[in-house]
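Take a look at the sequence and the model below. This short report walks through a few of the contacts and spaces to be found there.

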Amino acid sequence: VSETDLQLWVRDNGVGMDLAAQPAQGHMGLTSLRERAHMINAHLSIDSAPGQGTCIAFELRLDGGPDE
């Protein structure tokens, strides 16, 4: 955290997932995360692969200024 930015990373060493695959019926978790980040002008990145775990990074400007 700085005076102008909030950064949050969540990592695990679980089973990972194929991000190119369609979500299973009734599973909207990643879609919901992306939509919510977009609503507050945050950046969300998700890195995952089967057997490799997952890393989710969230970045939000706190000063309301433009992203650089």
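The side chains of Asp5 and Arg61 meet in a salt bridge, at 3.8 Å from N to O. Asp5 lies in strand 1 (residues 5–12) and Arg61 in strand 3, so this pair ties together parts that are 56 residues apart in sequence. Keep in mind that this is a predicted model.

How many salt bridges does the structure hold? There are two. In the other one, the side chains of Arg61 and Asp63 meet at 2.9 Å, N to O. Asp63 is partly exposed, with a relative accessible area of 41%.

Arg61 takes part in the bridge to Asp5 and in the bridge to Asp63.

## Thr54 in strand 3

Now go to another residue of strand 3. Strand 3 covers residues 54–61, and Thr54 lies in it. Is Thr54 buried or exposed? Its relative accessible area is 11%. Buried means under 20%, so Thr54 is buried.

The side chain of Thr54 makes a polar contact with the side chain of Ser48, at 2.8 Å. Leave aside the neighbours within four places in sequence, and Thr54 is in contact with Val10, Arg11, Asp12, Gly16, Met17, Ile46, Asp47 and Ser48.

## Ile40 in a loop

Where does Ile40 lie? Ile40 is in the loop between helix 1 (29–39) and strand 2 (43–48). Ile40 is partly exposed, at 44% relative accessibility.

Not counting residues up to four places away in sequence, Ile40 touches Phe58 and Leu60. Compare its position with Glu3, 37 residues apart from Ile40 along the chain. The C-alpha atoms of Ile40 and Glu3 are separated by 18 Å.

## The largest pocket

Rolling a probe the size of a water molecule over the atoms shows where empty space is left. The largest pocket holds about 240 Å³ of space. It is lined by 13 residues, and those closest to its centre are Met17, Ala21, Gln22, Pro23 and Leu30.

What classes of residue make up this lining? Seven residues are nonpolar, four are polar and two are charged.

How values were computed. Residues numbered from 1 in each chain as written. Predicted model: local features only at pLDDT ≥ 70, side-chain atom pairs only at ≥ 80, totals over all residues. Heavy atoms only, no water. 1 Å grid on protein atoms, 1.4 Å probe; cavity = no way out; pocket = protein on both sides within 12 Å on 5 of 7 lines; lining within 4 Å. Points joined across faces, edges and corners; volume = space filled by probe spheres on them. Nonpolar A, V, L, I, M, F, W, Y, C, P; charged D, E, K, R; others polar. Helix = DSSP H or I, 4+ residues; strand = E, 2+ residues; numbered from the N terminus. Buried < 20%, exposed > 50% of the residue type's maximum accessible area, 1.4 Å probe, protein only. Polar contact = N/O pair within 3.5 Å; in protein donor to acceptor, adjacent residues only side chain to side chain. Contact = heavy atoms within 4.5 Å. Salt bridge = Lys/Arg side-chain N within 4 Å of Asp/Glu carboxyl O.
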